[in-house]
Amino acid sequence: MNRIVERFGRLQREGRKGFVVYIGAGDPNLDATRRLALAFDRLGVDVLELGVPFSDPLADGLVNQLAAQRGLEAGTTPAKVLETVSAIRRDSQIPIVLIAFILVTQTWAADWPQFRGPQASGVDTNSPAPTTWDLGNGKNVRWQTNLPGLAHSSPILWGDRIYVTTAVRPGTAELKVGLYGDIEPVQDQQPHEWHLIALEKSTGKTIWDSVGPKAVPRVQRHPKSSHCNSTPATDGRRVVAIFGSEGLFCFDMAGKLMWQKDLGPMDSGYFAVPTAQWGFASSPLIHDGKVVVLCDVQTNSFVAVYDLVGGRQLWKTPRVDVPTWGSPAIAQSGDLTEILVNGWHETAGYDFATGKQIWKLDGGGDIPVPTPVLARGFAYFTSAHGRGRPIRAIRLDAKGDITPARLSETNAAIAWVQERLGNYMQTPIVVGDFIFACFDAGILTCLDADTGKVKFSERLGNGSEGFTASPVSDGRNLYITSEVGHVYVVPTTGAFSVTATNTLGETCMASPALVDGTLYFRARDKLVAIGSKP
């Protein structure tokens with residue numbers, strides 16, 4: 001889809017005017033349809049969008065109005081669209097040309113450009129992914145590639161390339177997975193090199209390996225953490241990465257460093273024990289030619305936006321909260337673009353253009369890790385640890401202080417809440433009518449995404465495994481990875497069962513990527529591509 005939009009952008013720059021694009025989609029596919037329509041709208045292309053009702057705010061162009069008057073509706077055949085566009089052009093003298101029919105199946109998923117893919121959704125329904133594989137005999141294993149160092153950042157994909165980051169030091173870095181309560185950091189203060197590596201998507205072969213900063217990390221890390229937890233992001237022009245405590249770095253697509261920003265010491269750890277340094281983990285994102293960074297640390301926390309091309313700071317808004325580890329998300333509410341961030345005292349939405357806080361919410365778990373998820377007109381937030389463990393659906397038009405008197409209450413902005421069913425480590429995932437949330441001990445809960453009603457709450461595994469990596473889905477199944485590298489395949493039907501349990505043969509803390517039916521797992525020492533072989 002990204003390439004389709006880029007092609008129309010080039011045509012427009014060449015002076016071609018009066019384009020009309022027909023985007024057809026069924027009712028379950030509205031999120032993807034809206035994203036595509038908005039992308040064309042930014043190019044000045046009039047979108048004849050039949051995947052949503054013509055009363056939808058997107059359907060406000062003159063061509064859409066005329067089409068609505070002629071009775072076009074979702075599911076109209078291409079022949080009917082051609083006939084109608086021709087009639088509109090003839091009767092109204094609008095200089096339009098129908099240049100494409102696009103069928104959106106559900107997701108905007110030609111690429112996987114950031115943590116958890118487009119809008120941090122974790123979903124790509126383009127093709128089914130395998131439910132079983134075997135690294136020993138190669139069944140459904142497209143390739144395996146060794147990676148240097150220790151990192152929990154996820155792979156991202158753009159076009160025919162994969163990008164991963166890592167932190168490399170002499171010897172083998174200590175890593176302790178599992179369910180335990182040790183908060184003391186690892187004594188790992190020796191020189192590290194941070195790398196951005198590009199690999200060939202089809203083979204896993206390294207294309208280039210760009211070395212970033214070389215330094216002793218400015219903060220320590222948790223025994224389960226690394227000095228490279230943040231997932232990079234790309235828009236196809238640049239790749240941005242946060243390298244542990246060393247700051248924000250921007251590369252071109254050939255691996256050349258373009259600019260860097262020192263974001264401060266980035267001291268993430270337990271707010272109640274400041275000496276317990278655990279390592280920074282929030283990932284940057286790119287939107288509309290700008291880089292969004294959330295930096296919730298022990299002191300001087302902020303959310304900020306930088307120009308992607310030159311790195312100039314456009315705005316920076318202070319935050320008053322404990323350290324958090326989630327990433328920001330972008331939401332659209334009417335004409336307003338918002339940055340959404342998770343927190344304990346300051347879960348909030350900010351104006352993307354100015355940094356002004358639009359709404360805020362106090363309360364929840366006191367170690368917020370999950371990233372906000374957008375679907376079905378809601379933003380879903382969850383956090384755990386301490387007295388609170390909620391999962392909530394917040395309406396995108398929220399304004400002001402929306403904090404309820406009690407954690408269990410809803411209000412005009414909070415559509416529903418489950419007070420004790422939230423996540424500690426994993427970001428939830430919405431597939432179809434359901435939102436799935438997996439606690440770090442392996443309790444998977446399925447809720448109705450519109451009402452919060454519980455469909456099931458069942459355990460994965462035997463209770464001895466920890467779960468940190470966030471799930472992904474091909475729309476048919478969930479892929480949920482434990483810290484010891486077991487991957488549980490669970491149908492998205494709303495009825496609990498485990499279709500298969502596979503193994504990666506190594507520990508796995510990073511969330512996988514999923515593009516066109518191929519899963520990309522970043523395990524302890526390797527990157528593995530799981531998919532049907534061509």
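**Figure 1. Arg376 in the loop between strands S21 and S22.** Arg376 of this predicted model is placed in the loop that links strand S21 (373-375) with strand S22 (378-382); strands (E, at least two residues) are DSSP runs numbered from the N terminus. Its phi lies near 55 degrees, a positive value in a residue other than glycine. Most residues other than glycine have a negative phi. Arg376 counts as partly exposed because its relative accessibility is 33%, where buried means under 20% relative accessible area, exposed over 50%, and partly exposed in between (1.4 Å probe, protein chains only). Residues are numbered from 1 along each chain as its sequence is written, and side-chain values use heavy atoms, with hydrogens and water left out. Local features need pLDDT of at least 70 and side-chain atom pairs count only at pLDDT 80 or more, whereas totals for chains, interfaces and linings use all residues.

**Figure 2. Asn140 in the loop between strands S3 and S4.** The loop between strand S3 (97-103) and strand S4 (141-146) holds Asn140. The phi of Asn140 is near 55 degrees, again positive in a residue other than glycine. Asn140 is partly exposed, so classed because its relative accessibility is 21%.

Figure 3. Six of the seven residues of strand S15 (residues 301-307) are buried. Strands pair if DSSP finds at least two bridges between them. Strand S14 (residues 290-295) runs antiparallel to S15 and is joined to it by six bridges; the bridge partner of Lys290 is Asp307 in S15. Five residues separate S14 and S15 in a hairpin, and Asn300 in the turn has a positive phi of about 60 degrees. Strand S16 (residues 313-319) is likewise antiparallel to S15, with six bridges, and Val303 stands opposite Thr317 in S16. The hairpin of S15 and S16 also has five residues between the strands, with Gly311 in its turn at a positive phi of about 85 degrees.

Figure 4. Ile435 belongs to strand S27 (residues 434-438) and is buried because its relative accessible area is 0%. Contact means heavy atoms within 4.5 Å. Leaving aside neighbours within four places in sequence, the contacts of Ile435 include Tyr380, Trp416, Pro428 and Cys446. Asp448 is 13 residues from Ile435 in sequence and 6.3 Å from it in space, C-alpha to C-alpha.

**Figure 5. The largest nonpolar core.** A nonpolar core is a set of buried Ala, Val, Leu, Ile, Met, Phe, Trp, Tyr and Cys residues joined through side-chain atoms within 4.5 Å. The largest has 29 residues, and those with the most contacts inside it are Trp133, Ile162, Tyr479, Leu519, Tyr520 and Ile530. Strand S36 (526-530) is one of the strands that each supply at least two residues, and S36 gives the most, with four. Beyond four places in sequence, the contacts of Leu519 include Trp133, Tyr479 and Ile530. A second, separate core of 18 residues includes Met266, Val291, Phe302 and Leu308.

**Figure 6. The lining of the second largest pocket.** A pocket is an open set of points on a 1 Å grid over the protein atoms alone where a 1.4 Å probe fits, with protein on both sides within 12 Å along at least five of seven lines; lining residues have an atom within 4 Å of a point. The second largest pocket is lined by 40 residues, and Lys224, Val369, Met425, Thr468 and Met509 lie nearest its centre.
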